[in-house]
Amino acid sequence: MYSKLINYRMDKNRIYFQYEGDQEGKEPCIEVISDAIINVFIDYTGMGHCSRAIEGELGKRLNAGIGAEDIKPESVSLEASGVVIKTKLMTVIVGDGFQVDFYDRFGDPLSLAYRGERKKSGEISLPALELLKKEGHAVSKVSVDYRIQELRSLDEDDYIYGLGDKAGGLNKRCYAYEMWNSDIPDPHEDCFKSLYKSIPFMLVSKYEGAYGIFFDNHNKTCFDLGKESEEYYWFGAEEGNLDYYFIAGDNLKEVITGYTYLTGRPPMQQLWTLGFHQSRWGYGSEKEIRGIAEEMRKNQLPCDCIHFDIDYMDHFKVFTWNQETYEDARKVISDFKDMGIKTVTIIDPGVKVEKGYNVYEEGMEQGCFARTPEGEVYVNEVWPGDAVYPDFGDPKVRRWWGKNHQFLVDMGVDGVWNDMNEPASFRGPLPDDVVFTDEDQESSHKHMHNLYGHNMAKAAYEGWKELTGKRPFVITRACYSGSQKYAVGWTGDNHSIWSHLRMAIPQMCNMGMSGMGFIGTDVGGFGSDCTPELFARWMQIGCFSPLFRNHCAQGQRMQEPWQFGEKVLAISRKYIRLRYALLPYIYDLMRESELTGIPMLRPLVLEYEKDEDVKNRNDEFMLGDRMLIAPVVEQGAREKLVYLPEGIWYDYWTGEEILGENFIIREAPLDVCPIYVKAGAVIPKYPIRMNVDEEKDDLLVLEMYPGKGCWRHYQDNGTDFAYRDGAYNEYEIKNDSGELNVQILHQGYKLYGGYELRLREKDEPMKFV
Ligand code: MIG
């Protein structure tokens with residue numbers, strides 16, 4: 001479409017390009033968003049940007065098609081190679097054929113357009129495809145027929161991360177994926193093209209430097225990351241615009257910070273949300289669920305929340321409570337509260353079609369549900385039987401939905417868990433042409449599918465915030481880029497199988513690098529029957545997962561920590577207690593996420609990017625920058641091959657000092673998850689307690705490791721938004737080879753009642769948790 005470059009013109013921070021011959025009225029555009037972020041745009045739809053991920057002032061400006069006055073490239077000039085655009089941190093050269101090359105601040109190439117031959121291989125004829133399907137093979141292939149495509153060169157030493165919740169390993173290179181929110185009940189495997197979430201954002205770690213590409217197109221999109229060819233990757237879409245953001249960085253962390261500058265950062269959650277959560281689909285009655293809370297306490301298991309799955313509803317009608325199985329639900333919830341246990345309820349999008357049911361009637365009256373092209377309200381089937389789909393893209397519908405949460409707030413519920421919001425449907429997928437709203441325009445399922453979960457979560461967040469004034473706790477299964485502003489996530493229906501325990505690590509790491517760091521897997525596995533050994537190992541990963549929730553499907557073996565015998569119960573208790581001890585540290589990391597976008601749980605490559613030995617490390621991860629976790633993920637294994645990056649590390653359990661850049665074999669009986677702490681670290685901890693609200697500000701434990709280091713610690717009321725008006729404390733904690741120095745950098749909240757210093761000595765085993 002674009003041939004020889006003739007000239008360019010500038011409009012504020014935007015540069016438009018003119019090509020010889022016919023460019024079908026489309027002037028491609030480069031917009032300088034910041035010194036390190038460049039938008040590449042071709043307005044195929046003629047409607048300009050329509051970002052639903054980028055909100056706030058920036059999103060408004062982009063979507064309104066207005067350039068920025070206050071952002072400028074350092075220079076723009078037409079040279080032999082093309083139009084050369086320079087910012088303080090990068091150079092972009094736009095040449096013939098609208099080929100765009102990005103260079104770093106030293107002038108070295110970061111990412112070049114691919115100029116070689118296209119290798120389309122592995123094509124299959126239609127008859128052959130039909131035959132394969134007949135035999136029962138699930139043929140899932142990424143179509144190369146995407147209308148909008150961008151091909152970019154790959155270097156031999158490029159590693160690719162991100163892309164949300166895709167199955168498989170940490171490094172996504174050589175795989176192809178599709179972005180189409182999907183609820184697939186089969187055990188998720190490496191070969192899956194898509195799962196519940198669509199986050200069209202990839203990060204590339206290079207030998208020198210890093211970059212990210214956020215392809216902000218919420219239609220069905222795809223990423224072929226070197227499957228088609230070793231020499232290039234491509235991404236594409238069936239519809240919408242070519243609209244991507246190139247984010248340059250010296251390292252991956254800068255890229256994440258850039259991406260979350262665009263799409264938003266996960267806000268602070270209430271402190272209790274970091275506690276242990278117990279859940280199961282199938283807690284069928286008041287009696288049963290009360291029993292769970294009692295067992296929890298009887299077994300001395302700290303716990304902050306019990307989840308109520310669809311069983312609590314009256315005939316699966318959202319915003320109702322079953323009065324047959326619950327004598328007095330309000331009383332259950334308040335009794336739980338007295339025990340220090342919060343309640344979270346599931347809410348699905350599908351609204352039961354039933355005369356006289358207030359949510360249905362009200363939604364019908366106010367025109368809140370999606371329609372067929374003929375104008376009828378569209379009906380499909382989910383749990384309650386015939387159901388209709390709220391049109392969450394409509395701001396009016398979001399407000400209505402948000403207000404419906406009043407029912408739960410009045411019951412005493414403390415958070416919602418949004419499921420089935422891909423959206424899922426039992427009578428076949430929703431047709432492409434079902435009519436949905438996209439803010440102020442009419443749209444269709446085809447275009448709105450990937451935004452459905454995002455808009456539902458946004459509705460819940462905004463409603464909850466208005467109703468309670470507290471930090472809303474919304475868990476979502478489906479989402480799009482930017483959903484991290486509204487919800488935390490879980491990875492959906494995994495199975496109690498070892499491969500899924502292994503996958504939990506790269507999956508959570510890639511979610512974190514994709515901006516959504518508050519993530520967890522169903523601990524113990526959702527489908528299939530868990531074994532005692534698998535459960536023990538899963539608790540050891542859950543302990544460090546931002547969302548630490550044991551959850552399981554109806555019909556599977558019972559999966560509470562006491563269901564696997566005394567030994568596994570003791571192991572569960574040990575790791576839940578460790579989690580509670582670590583809460584102030586994890587809370588600090590949550591604060592860091594809100595400020596920078598850097599996830600709490602992270603792959604080693606985020607901290608030690610230059611180290612070749614960590615770029616593909618799938619079986620270890622870090623909690624913040626100070627703790628390295630090397631869980632056992634193999635059945636029967638009683639030792640673990642651990643890689644430690646550069647520096648000095650301390651074995652958390654034995655105090656042994658170990659020099660990094662080294663592989664070691666660590667003994668790991670069933671009750672040991674190998675943990676290493678960086679020299680000089682200070683880990684803020686709480687004394688053990690049964691739930692987080694108990695005297696959280698009474699005593700802070702500072703656990704100091706040999707060496708030198710300086711760390712920030714954050715404290716606030718853990719519930720509402722007062723911290724945004726300054727009601728928080730920030731401390732600087734210095735460890736000068738065992739000498740502690742604490743300085744208050746900001747004081748806006750009550751100080752701790754006291755401190756306890758714990759010096760960890762070399763070779764001295766852990767005395768506490
Ligand atoms: O597939 O509400 O992923 O966590 O327990 C059944 C019942 C629908 C799917 C969720 C799962 C939940 C279950 N839901």
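In which strand is the place of Thr343? In this predicted model, Thr343 belongs to strand E21, which covers residues 342-347, and with a relative accessibility of 0% Thr343 counts as buried.

**Surroundings of Thr343**
- Setting aside residues up to four places away in sequence, Thr343 touches Cys305, Ile306, Phe308, Ile333 and Phe336, and also Val413, Asp414 and Gly415.
- Thr343 counts as buried because its relative accessibility of 0% falls under the 20% limit used for that term.

**Nonpolar cores**
- The largest nonpolar core has 187 residues, and within this core Trp401 and Phe544 are the members that touch the most other members.
- Helix H11, made up of residues 498-513, gives the most to this core, contributing 8 residues.
- When residues up to four places away in sequence are not counted, Phe544 touches Leu578, Arg579, Leu582, Leu601, Phe621, Leu623, Ile629, Cys673 and Ile675.

- Because Tyr2 lies in the segment before strand E1 (5-11) and Tyr19 in strand E2 (residues 14-19), their pair ties together parts that are 17 residues apart in sequence.
- Both partners are buried, Tyr2 with a relative accessible area of 12% and Tyr19 with a relative accessibility of 4%.
- Trp417 and Trp490 form an edge-to-face aromatic pair, with 5.8 Å from centre to centre and 80° between the planes.
- Trp417 is placed in strand E25 (residues 415-418) and Trp490 in strand E30 (residues 488-490), so that this pair ties together parts that are 73 residues apart in sequence.
- Trp417 is buried at a relative accessible area of 1%, and Trp490 is likewise buried, at 2%.

**Charges over rings**
- Lys317 lies over the face of Tyr357, at a distance of 5.3 Å from the ring centre.
- Arg760 has its charged end over the ring of Tyr652, 5.8 Å from the centre of that ring.

**Ligand site**
- The ligand is surrounded by 13 residues, of which Asp309, Asp419, Arg477, Asp493 and His551 are the closest.
- Asp419 places a polar side-chain atom 2.7 Å from a nitrogen atom of the ligand.
- In the side chain of Asp493, an N or O atom is 2.4 Å from an oxygen atom of the ligand, while for His551 an N or O atom of the side chain is 2.8 Å from an oxygen atom of the ligand.

**Ser51 and its loop**
- Ser51 is found in the loop between strand E4 (37-42) and helix H1 (56-64), where Ser51 is buried with a relative accessible area of 4%.
- The side chain of Ser51 has a polar atom 3.2 Å from the backbone nitrogen of Ala53, and this side chain also reaches the backbone nitrogen of Ile54, at 2.9 Å.
- Apart from its neighbours within four places in sequence, Ser51 is in contact with Asn63 and Asp216.

Conventions
Residues numbered from 1 in each chain as written. Predicted model: local features only at pLDDT ≥ 70, side-chain atom pairs only at ≥ 80, totals over all residues. Heavy atoms only, no water. Core = buried A, V, L, I, M, F, W, Y, C linked by side-chain atoms within 4.5 Å. Buried < 20%, exposed > 50% of the residue type's maximum accessible area, 1.4 Å probe, protein only. Helix = DSSP H or I, 4+ residues; strand = E, 2+ residues; numbered from the N terminus. Contact = heavy atoms within 4.5 Å. Phe/Tyr/Trp six-rings, centres within 6.5 Å; stacked < 30°, edge-to-face > 60°. Lys NZ or Arg CZ within 6 Å of the ring centre and 35° of its normal. Near = heavy atom within 4 Å. Polar contact = N/O pair within 3.5 Å; in protein donor to acceptor, adjacent residues only side chain to side chain.
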